[in-house]
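Here is my note on the model, as numbered points. Please keep the structure open beside it as you read.

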Amino acid sequence: MQRTPPAEYRHVYEFNIRFGDIDSQGHVNNVKFLGYLEDARLEMFHGDPVRKGEKPVRGMVISRHEIDYRLPLLPTVYPIRVETWVTEARAASFKLAYEVRDDENVYAEATSTLVAFDVEANRLRRFSTEEREFIGRYLRPAA
């Protein structure tokens, strides 16, 4: 997976594990991790911008997910977080990297490819300049 960038390029979403997330083996069910990633994306591209008085980024669809489970995530009263950043940005798509973690452990690493989508025309599109600027906030500049 991708090397974690400095904090200024990461979006951080904290959450608490819910009782319903736990499976019969006593840890968070693997499928729940995709829900955590979805919640983090929603906050990154919609919730946080709206709270800051900015326009949210809309009209994106997932074309690919990849996830590596590193450690079982056990029930805890402490918040878990999803740290998210952009690893690649193109005219009509970009890639996100994620870590599901706490202060000591990384429980899962994942990547998603998102593409710009025109819902009304039901087709792919290019990101606007404004959208590319927003996405670029989370892209570490090339060394």
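1. Start with Leu 73. Leaving out residues up to four places away in sequence, Leu 73 touches Ile 17, His 27, Val 28, Phe 33, Tyr 36, Ile 80, Val 100 and Tyr 107. Here contact means heavy atoms within 4.5 Å.

2. A word on the source. This is a predicted model, where local features need pLDDT of at least 70 and side-chain atom pairs count only at pLDDT 80 or more, while totals for chains, interfaces and linings use all residues. Numbering starts from 1 along each chain as its sequence is written, and side-chain values use heavy atoms, without hydrogens and water.

3. Next, the core around Leu 73. The largest nonpolar core has 28 residues, and Leu 73, Val 82 and Val 100 touch the most other members. Such a core is a set of buried Ala, Val, Leu, Ile, Met, Phe, Trp, Tyr and Cys residues joined through side-chain atoms within 4.5 Å. Buried means under 20% relative accessible area, exposed means over 50%, and partly exposed lies in between (1.4 Å probe, protein chains only). Two or more residues come from each of strand 1 (11-15), helix 1, strand 3, strand 4, strand 5 (106-118) and helix 2. Helix 1 gives the largest share, six residues. In soluble globular proteins, nonpolar side chains tend to be buried together.

4. Now the overall layout. The protein has two helices and six strands, in the order β-α-β-β-β-β-β-α from the N terminus. Helices (H or I, at least four residues) and strands (E, at least two) are DSSP runs, numbered from the N terminus. Of the 143 residues, 37% are buried. Among contacts with a separation of 6 or more, 64% join residues 24 or more positions apart.

5. Which residues of helix 2 are buried? In this helix (residues 129-136), they are Glu 131, Phe 134 and Ile 135. They share one side of helix 2, because they cover an arc of only 95° around the axis. That arc is taken from the directions from the helix axis to the C-beta atoms. Their cover includes helix 1 (30-51), strand 3 (80-89) and strand 4 (93-101).

6. Look at the aromatic rings. There are eight aromatic pairs. Rings of Phe, Tyr and Trp (its six-membered ring) pair if their centres lie within 6.5 Å; planes under 30 degrees apart are stacked, over 60 edge-to-face, and the rest tilted. Phe 15 and Tyr 36 are tilted, because their ring centres lie 4.2 Å apart with planes at 35°. Phe 15 sits in strand 1 and Tyr 36 in helix 1, 21 residues apart. Phe 15 counts as buried at 8% relative accessibility, and Tyr 36 at 6%.

7. A second pair is Phe 94 with Phe 127. The centres are 5.6 Å apart and the planes at 55°, so this pair is tilted too. Phe 94 is in strand 4, and Phe 127 is in the loop between strand 6 (123-124) and helix 2, 33 residues away. Both Phe 94 and Phe 127 are buried. Ring pairs also link Tyr 13, Phe 15, Phe 33, Tyr 36 and Tyr 69 into a cluster.

8. Last, is Asp 21 buried or exposed? Asp 21 counts as buried, because its relative accessibility is 8%. Asp 21 lies in the loop between strand 1 and helix 1. Beyond residues up to four places away in sequence, Asp 21 touches His 27, Val 28, Asn 29, Lys 32 and Tyr 36.
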